[in-house]
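Have a look at the structure first, and then we can walk through it together.

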Amino acid sequence: MTRTHAASPLAALLILLPALSGCATLQEIRALGQVDFQLEGISGARLAGVDLAGVHSWQDLTLTQVARIVGAVERNELPLEMELQLRAENPASNDVDARLTRMEWALFIEDREAFDGLVEEEYLLEPGVPQRVPVLMSLDLVNFVEGSAQDLVRLALALAGQPVEPMAITLQARPTINTPLGAMRYREPISITLSEGNSLP
């Protein structure tokens with residue numbers, strides 16, 4: 001798994017606010033640009049209501065589970081639900097908190113957008129204290145890609161973090177924090193990539 005650190009998201013703001021140099025507000029804004037985000041894991045994956053925990057291949061499914069998935073495909077629907085665990089850490093070297101108030105996100109599979117959504121819960125990112133940010137996802141796989149029930153199960157397992165099929169999966173997130181100057185949004189999204197052929201921890 002590879003990850004990228006947040007680039008300086010508010011460079012233009014820093015240029016426009018030289019009078020704030022050295023104050024707590026500017027320090028908080030700079031701290032935002034140093035927050036490290038990484039993909040920590042995926043939990044709660046369910047495909048057409050079938051719990052994928054412990055499932056590594058089509059052969060691991062029971063007859064009842066296979067019937068449920070095949071029936072869903074025949075109805076032209078195959079909902080996948082899961083929770084992605086995003087880990088955010090404000091480095092211990094910072095001396096101010098960062099306060100995440102909103103995060104737009106999109107998940108890309110082989111450069112094609114599959115999920116998108118919004119996290120609106122507020123998270124206080126204290127220096128040196130990792131914070132888990134859950135991202136709930138829902139996708140109808142039938143609308144995303146064509147294939148047999150077995151093909152769609154392999155895709156679902158790959159999305160759920162199982163190393164069943166080499167696939168490039170990337171999360172793009174655009175956080176917003178609250179400061180005394182108001183809400184500040186990253187200018188460019190952060191990209192967090194699950195490399196091809198690798199599984200989540």
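Strand β5 (residues 98-109) is joined to strand β7 (residues 123-125) by 3 bridges, and the two run antiparallel. The model is a predicted one: local features need pLDDT of at least 70, side-chain atom pairs count only at pLDDT 80 or more, and totals for chains, interfaces and linings use all residues. Residues are numbered from 1 along each chain as its sequence is written, and side-chain values use heavy atoms, with hydrogens and water left out.

- Helices (H or I, at least four residues) and strands (E, at least two) are DSSP runs, numbered from the N terminus.
- Two strands count as paired if DSSP finds at least two bridges between them.
- Opposite Arg99 in this pairing stands Leu124 of β7.
- Strand β6 (residues 112-119) is also antiparallel to β5, and 7 bridges join the two.
- Leu107 has Phe115 as its bridge partner in β6.
- The hairpin of β5 and β6 has 2 residues between the strands, and Glu110 takes a positive phi near 50° there.
- How many residues of β5 are buried? The count is 9 of the 12, so β5 is largely enclosed by the rest of the structure; buried means under 20% relative accessible area, exposed means over 50%, and partly exposed lies in between (1.4 Å probe, protein chains only).
- Thr101, found in β5, is buried because its relative accessible area is 19%.
- Leaving aside residues up to four places away in sequence, Thr101 touches Val119, Glu120, Glu121, Glu122, Thr176, Ile177 and Asn178, where a contact means heavy atoms within 4.5 Å.

- Strands of a sheet pair through backbone hydrogen bonds, either parallel or antiparallel.
- Strand β4 (residues 79-89) pairs with β8 over 10 bridges in the antiparallel sense.
- Arg87 has Arg132 as its bridge partner in β8.

**The nonpolar core**

- A nonpolar core is a set of buried Ala, Val, Leu, Ile, Met, Phe, Trp, Tyr and Cys residues joined through side-chain atoms within 4.5 Å.
- Which residues have the most contacts inside the largest nonpolar core? They are Phe115, Leu141 and Leu159, in a core of 54 residues.
- Helix α5 (residues 149-159) gives the most to this core, contributing 8 residues.
- Leu159 touches Ile42, Leu80, Met82, Leu107, Ile109, Phe115, Leu141 and Ile169, not counting residues up to four places away in sequence.

**Helix α3**

- Helix α3 (residues 63-74) has 12 residues, which should span 16 Å at 1.5 Å a residue; the end C-alpha atoms are 16 Å apart, which agrees. The expected span is 1.5 Å times one less than the number of residues.
- Val66, Ile69, Gly71 and Ala72 are buried in α3.
- Against β2 (36-47), β3 and α5 pack the buried residues of α3.

**Salt bridges**

- A salt bridge is a side-chain nitrogen of Lys or Arg within 4 Å of a carboxyl oxygen of Asp or Glu, and by this rule the count comes to 8.
- One of them joins the side chains of Arg87 and Glu40 (3.6 Å, N to O). Arg87 lies in β4 and Glu40 in β2, so the pair ties together parts that are 47 residues apart in sequence.
- Arg87 counts as partly exposed because its relative accessibility is 21%, and Glu40 is partly exposed at 24%.
- Glu89 and Arg87 also meet through their side chains in a salt bridge (3.3 Å, N to O), and Glu89 is partly exposed at 22%.
- Glu40, Arg87, Glu89 and Arg132 are linked in a network of salt bridges.
- Another salt bridge is formed by Glu120 and Arg102, with the closest N and O atoms 3.8 Å apart. This pair links distant parts of the chain, 18 residues apart: Glu120 is in the loop between β6 and β7, and Arg102 is in β5.
- Is Glu120 buried or exposed? Glu120 is exposed, with a relative accessible area of 58%, whereas Arg102 is partly exposed at 34%.
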